[in-house]
Each structure stands twice: as C-alpha cells, then as structure tokens.
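Please keep the structure in view while reading.

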Amino acid sequence: MARIGTADLVIVANRLPVDRMTNPDGTLGWRRSPGGLVSALEPVMRANDGAWIGWPGGDDGELEPFVDDGLQLVPVALSPDEIEEFYEGFSNGTLWPLYHDVVAKPEFHREWFDSYVRVNERFARKAAEVASENATVWIQDYQMQLVPQMLRELRPDLRIGFYLHIPFPPAELFQQLPWRRQVLEGLLGADLVGFQLPGAAQNFIRLVRQRVGHKTHRDTVYLPDGRTVKAAAFPISIDAKNFEDLARTEAVDRRAKAIREALGNPAKIFLGIDRLDYTKGIHARLRAFSELIRDGQFDVEDAVFVQVATPSRERVEQYRILRDDIDRLVGRINGDLGRIGRPAISYLHSSYPREEMAALYKAADVMVVTPYRDGMNLVAKEYVACRYEGDGALVLSEFAGAAEELRQAWLVNPYDINGMKQALLQAYEADPKDIARRMKAMRKTVIEKDVAHWAARFLDELAATRPDHGKSVRPARRS
Ligand code: G6P
C-alpha cells in the first residue's frame, strides 16, 4: 500500500472551511469561513488529529497542505475545465436541480459526468493518503457521491460515513439520471449514509433495492460480500448558542436599531435571507408581499420587505436568469408601489458577515423562508436562535427540511400564492401571545438539537457500524 497518513478523522467536502483573503501587507492568506459545519467538527477534529480535504475555491493550482488555527487543511485543486464541468456542470447543473424536485431542468452531459468521476477520484486518493490506519472518514454532500466506493477500494480498513446536506429525491425523479447506478454504488461504499429526513433515507433504500438489486430490510442494505450499509436521518442544525450570544451583544443590538431607523421605523419588517438560488422561492414570496400592498392590506409606510440575496454560482445559466428575473420584479414592484424614501422591497444583492445577519434577524418582525425544496434551511434556525426575547414570527415552507422540526411556524406551500398571502397577513397581525407561544416551542428544539448534537449523533452511529473494527473517533461533547 502507498503512503498512509496520520489523521484519525478525515473530513472530505467540496469546499475547505476557509476563504482566500488578502492580508494588510498584500500577501494572500486564509480566513475561516463562518459555516456551522466546521464549528461543530472543530472539537472532534482537534481531539482526533483531524484533517479536512477540500477545494479552496478558484483555480490557483496546487497548494500545499497547511495548518490553520490548529486544523490540518488539505487543498485539492480544480482546473478551469473541472470548475466548469464538475462544479458548475454536473454538481450544480445536473445534481442540484435533479435532487431539488426538478425545480429547474437538470442537464445531462456525458463529459460533465466524466469530470465528476475524475474529481471524485482525486478526492478519494487524497483521503487515502491522509487517513491513518483504521481511521474514520466522513464525506460530505452531493459533489462527492462516488468518493465512498472509490475510497473503500483504496483503503478497506477505513470506517466511512457519508452525509447528504440536500434532499434525496424520490425514485421517480432520481431514475432520470443516466448514471443512477454508479451514484448508488458510489454511496454504498460508506458504512453509514446520512440524510436530512427519514423520507430521503427511505428513497435511497428503495432505489438500492430496485435499481441495484441488493437485499434491504428497514434502514439496512445487505451487500453480497456480507458487508452492511445503514441509511438514516440526521437533521442538521446550527451553533445556536453562538448565534444567540452574538444577537445579545451590544453592537448587534445597536445595529438592529440602526437598521430599523434606516428603514423609516415601519410597524413591521419582513425579512428574507437566501443564497440567490431558484430553489428558494424568492420570486413567489415577493409577489405575495407586493399583492398584499396592492390589495390595500399593507401600506408601504407600515410594512417593508428586506430581501438579502447572496450571490451564488454566478456562471451557471439558471442563476443568471434568476438574477435578472428578481432584478426586474423588484424594480417593477418598487416602481409601482413605492413612495419617495419608501420602497416596498429593500433588495440587497450581497453577502454579509454574521454580525450583520444577526442584526437583521433581530430587526425583523416576520422572517419569510419559502423554498420550493430545501434539504434543511439553516436561515430559519438562525432566526429562531437570535430571537432570545421570545418574539418574532416565522413563515416557513412545508418543503424545507426544517418544517419537520419547526412545526409551530406559519407553514406555507410556496406554490400557493394566496395561501402565502394569508400566512404573511396572519403573521403580521398575530397576537403577541400567539407569537411568543410558537417561538418558545421552536427555540426549545433549536437550542437542544444544535449542530454539536447532530455531529455527535452521526459519529456515534458511525462508530457503532462494524463494531469489530479497530479505532473509533469519539465525538467531543459539550461540557
Ligand atoms: C449548499 C450545499 C453545500 C454548498 C453550499 C454553497 O448548502 O449543500 O454543499 O457548499 O450550498 O454552494 P457552493 O456552490 O458555493 O459551494
């Protein structure tokens, strides 16, 4: 066997948990990106000589592994062609729309899949180099679905987990994929395959039975070589305490008040925060809000909608079209319904640091999260975490994974504009006692089941697979 590494826990994800930045002296450096995933995994990675393998973004070519604040980071380079075919193409032009209910039409191109295979192979080889004997490797998300099987072939000693952060579609949609069998077999290289929701795990088990022909019973697949693969749901969450602490700071409080002031102290602020993605239902929610103004239910003096849309995947055709659609819609709504100094929609096409997000959450009376399909939607949970005073209304799509836990939100079907209008109006007019009752219940869920709980559950379950196996990483628990 080739060189073996020292890491007892290896995370494999498309992206490294750091962003490129320029230091004051002009040199290039790294800044930790604020994702919940890395903060959840940091303690367990430190305790187990962890390494994180991922693409640093961009096409800067090969970069040496480096240590950032005690974490071993291993960059994997993508060439400009691979960015186009593997990342923008197969990952975000084929799998992303296919797995999100075909909200946009997935494109199937053989050369995109070939690139996906090559890049997955590179990640698998890197993981095989970095992992110690009998180590645990945890592979993340739809960009890496072939890695489990490729890695198992290179390193049968490893314990391998896979987690899908996005929905896993029903068989009726999944079977459109010309490479459906390869993807299923890729995932079956893992000992444990985790999903956001039980329904997704069931979709997977059913597909494995029908398409690959393996025996299955409940949540377990029985492979011909005697190995078993378990599929189960582990709904992801956020670092709730961290968000709440941030929301409680003096600076965030001041900023929240300044935001209200800058908006002209309206009676109610509605807020949407999303990556600018066609799955998020931004268009439909803005239409519903604007119709309420047109109908005379809201007045622009009393209600404003703040929509933050974070730029995302801007070279992919569907995302460009979406951006133009939203620009046009916002322009039309504000042109028709706004008054001087009072736009109906305050639209921001930008990304903000966590402090600003917390201030926005704190300023917003009604948070509006209306995706057509979403694996979980962490924005909904972040809003709840920031509302430590127990107020604030959440309007949430039934089709977000978060709706399975946050049952006390005003749940809506984003395809039903009248239904959404009704929910927005109800949330606007709700009795503060009703709002407080709902928020209290949602806060209990979000605080108890945070991202550390999620990571610990997954790693515990993974450690329980193949109990005869040598090493197992211990999830670090909160004291
Ligand atoms: C979703 C996916 C992640 C992805 C993120 C940002 O949350 O589940 O895997 O990293 O979107 O998208 P990007 O294409 O910028 O990595």
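In this predicted model, the ligand is surrounded by Arg-15, Tyr-87, Asn-92, Trp-96, Asp-141, Tyr-142, Gln-143, His-165, Ile-166, Arg-275 and Arg-313. Helix α2, spanning residues 80-99, supplies the largest share of this shell, namely three residues.

For Asp-141, a side-chain N or O atom is 2.5 Å from a ligand oxygen. For Arg-15, a polar side-chain atom lies at 2.7 Å from an oxygen atom of the ligand, and for Gln-143 the distance between a side-chain N or O atom and a ligand oxygen is 3.2 Å. On its own the ligand has 380 Å² of accessible area, of which the protein covers 70%.

Attention now turns to the interior. In soluble globular proteins, nonpolar side chains tend to be buried together. Here the largest nonpolar core comprises 107 residues, and Phe-168, Phe-204 and Phe-270 have the most contacts inside it. Helix α3 (residues 110-130) contributes nine residues, the largest share of this core. Because both domain 1 (7-236 + 452-465) and domain 2 (240-448) give residues to this core, it lies between them.

Phe-204 illustrates the packing in detail. When neighbours within four places in sequence are left aside, Phe-204 is in contact with Phe-168, Leu-184, Leu-187, Leu-188, Val-193, Phe-195 and Ala-231.

Definitions and conventions
Residues are numbered from 1 along each chain as its sequence is written. This is a predicted model: local features need pLDDT of at least 70, side-chain atom pairs count only at pLDDT 80 or more; totals for chains, interfaces and linings use all residues. Side-chain values use heavy atoms; hydrogens and water are left out. A nonpolar core is a set of buried Ala, Val, Leu, Ile, Met, Phe, Trp, Tyr and Cys residues joined through side-chain atoms within 4.5 Å. Buried means under 20% relative accessible area, exposed over 50%, partly exposed in between (1.4 Å probe, protein chains only). Helices (H or I, at least four residues) and strands (E, at least two) are DSSP runs, numbered from the N terminus. Domain bounds come from an automatic or database domain assignment. Contact means heavy atoms within 4.5 Å. A residue is near a molecule or strand if one of its heavy atoms lies within 4 Å of it. A polar contact is a pair of N or O atoms within 3.5 Å; within protein, one must be able to donate a hydrogen and the other to accept it, and residues adjacent in sequence count only if both atoms are side-chain atoms. Accessible areas come from the Shrake-Rupley method with a 1.4 Å probe; for residues, only the protein chains shown count as cover.
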